[in-house]
Amino acid sequence: MGENNKTHGESNKTYQGKCFCGAVEIAVTGEPAGMGYCHCASCRTWSAGPVNAFVLWKQDAVEVTKGGDQIGTFSKSPNSFRKWCKACGGHLMTEHPLWGLMDVYAATTPGFAFKPGVHVNYQETVLPVRDGLPKQKDLPKEMGGSIAVMVSS
Ligand SMILES: [Zn+2]
Ligand SMILES: [Zn+2]
């Protein structure tokens, strides 16, 4: 990764994010721990979309800069606290406390270049995708999954 030298100065770059109406604003700084698409039924049911484009940041890389009192939170499972704007209903992020990570959805930070590396929970997909990326049956092993890859096309 020789490119790292050139882009090293950008490693502390901050990207702005906001909800649909703008009442809540956030900022993320640095580089994410991982990016990809989640096909799980929880993400689909909650978002009403066929897939969730996730960007996982260390929790201390994410800052709520405006409208923190407008953030609603719902937890159905101990490792997912889903957050949205109470004013507009727009989804913002999901906190994963057991991993120490925050999934700030790609759509929340339009200025950040989303570069997906993997599909997870692909066994639950309703939107098969042929993009050449690895498709993991569930989650990576370090996140409690089996690391099984279903297809790679
Ligand atoms: Zn809003
Ligand atoms: Zn999911």
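Which strands each supply at least two residues of the lining of the second largest pocket? In this predicted model, they are strand 3 (34-38), strand 4 (52-58), strand 7, strand 8 (91-96), strand 9 (101-104) and strand 10 (118-120). Helices (H or I, at least four residues) and strands (E, at least two) are DSSP runs numbered from the N terminus. As the model is predicted, local features need pLDDT of at least 70 and side-chain atom pairs count only at pLDDT 80 or more, whereas totals for chains, interfaces and linings use all residues. Residues are numbered from 1 along each chain as its sequence is written, chains are lettered from A and ligands numbered from 1 in the order in which they are written, and side-chain values use heavy atoms, with hydrogens and water left out.

The volume of the second largest pocket is about 410 Å³. A pocket is here an open set of points on a 1 Å grid over the protein atoms alone where a 1.4 Å probe fits, with protein on both sides within 12 Å along at least five of seven lines; lining residues have an atom within 4 Å of a point. Grid points are joined across faces, edges and corners, and the volume is the space filled by probe spheres set on them. The lining comprises 25 residues, of which Leu 56, Trp 99, Val 120, Leu 139 and Met 143 are the closest to the pocket centre. By class, 14 lining residues are nonpolar, eight polar and three charged (Ala, Val, Leu, Ile, Met, Phe, Trp, Tyr, Cys and Pro count as nonpolar, Asp, Glu, Lys and Arg as charged, and the others, Gly among them, as polar).

Donors are N, O and S atoms within 2.8 Å of the metal (3.2 Å for Na, K and Ca); water is not among the atoms, so sites may look incomplete. Cys 19 lies in the loop between strand 1 (14-18) and strand 2 (25-29) and Cys 85 in strand 7 (residues 80-85), so the pair ties together parts 66 residues apart in sequence. Both Cys 19 and Cys 85 are buried (under 20% relative accessible area; exposed is over 50% and partly exposed in between, with a 1.4 Å probe and protein chains only). The zinc ion (ligand 2) is coordinated at 2.2 to 2.3 Å by the SG atoms of Cys 38, Cys 40 and Cys 43, spaced C-x1-C-x2-C. Cys 38 and Cys 43 are both buried.

Lys 83, in strand 7, is buried at a relative accessible area of 12%. Its side chain makes a polar contact of 3.0 Å with that of Thr 73 (a pair of N or O atoms within 3.5 Å; within protein, one must be able to donate a hydrogen and the other to accept it, and residues adjacent in sequence count only if both atoms are side-chain atoms). His 96, in strand 8, is likewise buried, at 9%, and a polar contact of 3.4 Å joins its side chain to that of Ser 80.
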